[in-house]
Amino acid sequence: MSRTVWREYMPAIVVAVAALVLWEAAVRGFQIERFLLPAPSAIVTNFIENFERLVHIGWFTTKEALGGFFIGCSLGILAAFITARWVAVNEAILPFAIAANSVPILAFAPIVNNWFGVDNPLSKMIIVAVIVFFPVMINTIRGLTLVDKNALELMHSYAASEVEILWKLRTPNALPYIFNAFKIAAALSMIGAVVSEYFGGNRSALGVFITQEAALFRFENAWSAIIIACIVGITFYLIIVAVERAVIPWYFEQRKAERH
Amino acid sequence: MTNTPTVSLKNVTKIFNPGQPNEVTALKNINLDIWPHEFVSLVGPSGCGKSTLLRLIADLTQPTEGTVQVNGKSAYRARIEQDYGIVFQSPTLYEWRTVAKNVELPLELMKYGRAERRERARKMLQLVELEGFENHHPWQLSGGMQQRVSIARALAFDPALLLMDEPFGALDEMTRERMNLELQNIWDRTGATIVFVTHSIPEAVFLSNRVVMLSPRPGCIAEIVDIDLPMPRAWEVREDPHYFELVNHLRDTLREIEGGMRE
């Protein structure tokens, strides 16, 4: 078991280590200036020295990301269920949702900051919620509507009501789509929170910290903050994968079976 | 009771996209009665409307003209009152449900109690010889086993009528032969009426009391052949000269139809 896991992840680990070694060697070999690109060793040292402070500011931003994630995902799923109930409404709304999804919502960050207050975490949560809303809604609608034709006819043959079809067929069918949306939303929520902080926010926020430290040429600090953001993003993703495996084990087992 | 046909089709015409440039007359003026405990196969070249005919009986599509009755009531009422079970070419099992839970699906929708659902699922899985697979998931079963689950599901609520749309079309030859014997067994034990769509003439002759040959564009009944081989039929029937005669006769009819199509 552990051997197969090792074999599966080994290429990725090798690539990562090689990249870090190359990076370190390049910085030293070409004597790249610290403000252009610090060496990985310098970043790691800085990261360890400032660990407590980094955790503090990281947590501040994580709370915004989480808040926005939950608000956006809940509303996205709710909207999808409401529209999926009426196929005609759905077909009318989906193009708008897809169009809205390609709007760069982060561009609104300064305006939303202005509405709810730059220091108010709520302004970041709202940006995150809006960013997350559309992919979750679109994916959920897809999952609810892209149902096997025969599976649907089977339900009709049992004279099942629309509500029964929704609970017993459409919802389980949508679960893998919803979890995929959660994974996208997890990444988007961290990006959304950090970037909207670039436009101003609480002093102990990750995005604010990165812009300030960069402006003061303390690039190791900025890089350490980026590492924290990465760790939070990856943890968030892994938690969703773990929940997904617990909620829809059949989906993974089936795909595993198909691969063999 | 026996003077009410299980399925009665009167002057049934089905036109897809009527009045549009892509209008297709799938079936024209079909008259057919199917009697209780009959096994009737619908055969014919592809595009002859045999699946459409089955879907009309199932009320999954409605006739443009004519009437479809099941157990003396409209096909619509029969569907609402769950007078039939249906098996598609693909097993159409819900992958998030175990085998037993798949069989229980129609029972859940019909508000059977939990204990009875379980008991019926157990019995049905026994009928299709899948005891011990209750807690497996569909992807853990072979194609033939999956199709047996779907037959168990179709029979779980004791419908008087079983509609089968090329149920063994996707199976390999050996599995298919075994399934034919099993289906005959199931038919015998349940006393259900079976309407069976297939493109295999030998399969139709082996299983049926009557074989209905359809010809395409527009789909109409070309011939109805009584299969007067004694029941139940053992596998050796397939070496009986009379069996060959019937199969060859139907093949000739099919060739004539296909010849006509080419002209």
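Helix axes here are lines fitted to C-alpha atoms over the stretch in contact, and angles run from 0 to 180 degrees between N-to-C directions. Helices (H or I, at least four residues) and strands (E, at least two) are DSSP runs, numbered from the N terminus. This is a predicted model, where local features need pLDDT of at least 70 and side-chain atom pairs count only at pLDDT 80 or more, while totals for chains, interfaces and linings use all residues. Residues are numbered from 1 along each chain as its sequence is written, with chains lettered from A and ligands numbered from 1 in the order in which they are written.

**A helix pair in chain A**

Let us start with two helices. The axes of α3 (residues 51-84) and α9 (residues 206-215) of chain A come within 8 Å and cross at roughly 130 degrees. That makes α3(A) oblique to α9(A), since angles under 35 degrees count as roughly parallel, over 145 as roughly antiparallel, 65 to 115 as roughly perpendicular and the rest as oblique. I57(A), G58(A) and T61(A) of α3(A) meet L206(A), G207(A) and F209(A) of α9(A) in this contact (C-beta atoms, placed from the backbone, within 7 Å). By class, the contact has three nonpolar, three polar and no charged residues. Ala, Val, Leu, Ile, Met, Phe, Trp, Tyr, Cys and Pro count as nonpolar, Asp, Glu, Lys and Arg as charged, and the others, Gly among them, as polar.

**Two domains in chain B**

An automatic or database domain assignment sets the domain bounds. Chain B is divided into domain 1 (1-83 + 160-263) and domain 2 (86-158), and 24 Å separate their centres, taken over C-alpha atoms. Domain 1 of chain B gives 17 residues to the contact and domain 2 of chain B gives 14 residues. On the domain 1 side, β7 (161-165) and α6 (173-190) of chain B each give two or more residues, and α6(B) supplies the largest share, five residues.

**Where the chains meet**

Between the chains, 17 residues from chain B and 16 residues from chain A make the contact. On the chain B side, α2 (75-80) and α3 (99-109) of chain B each give two or more residues.

Here are the class counts for two of the sides described above.

| Side | Nonpolar | Polar | Charged |
|---|---|---|---|
| Chain B, touching chain A | 10 residues | five residues | two residues |

**Strands around L9(B)**

Strands pair if DSSP finds at least two bridges between them. Strand β1 (residues 7-16) of chain B runs antiparallel to β2 (residues 24-34) of chain B, joined by seven bridges, and L9(B) has L32(B) as its bridge partner in β2(B). Five bridges join β1(B) to β4 (residues 65-70) of chain B, also antiparallel, where L9(B) stands opposite V68(B).

Technical notes. Contact = placed C-beta atoms within 7 Å.
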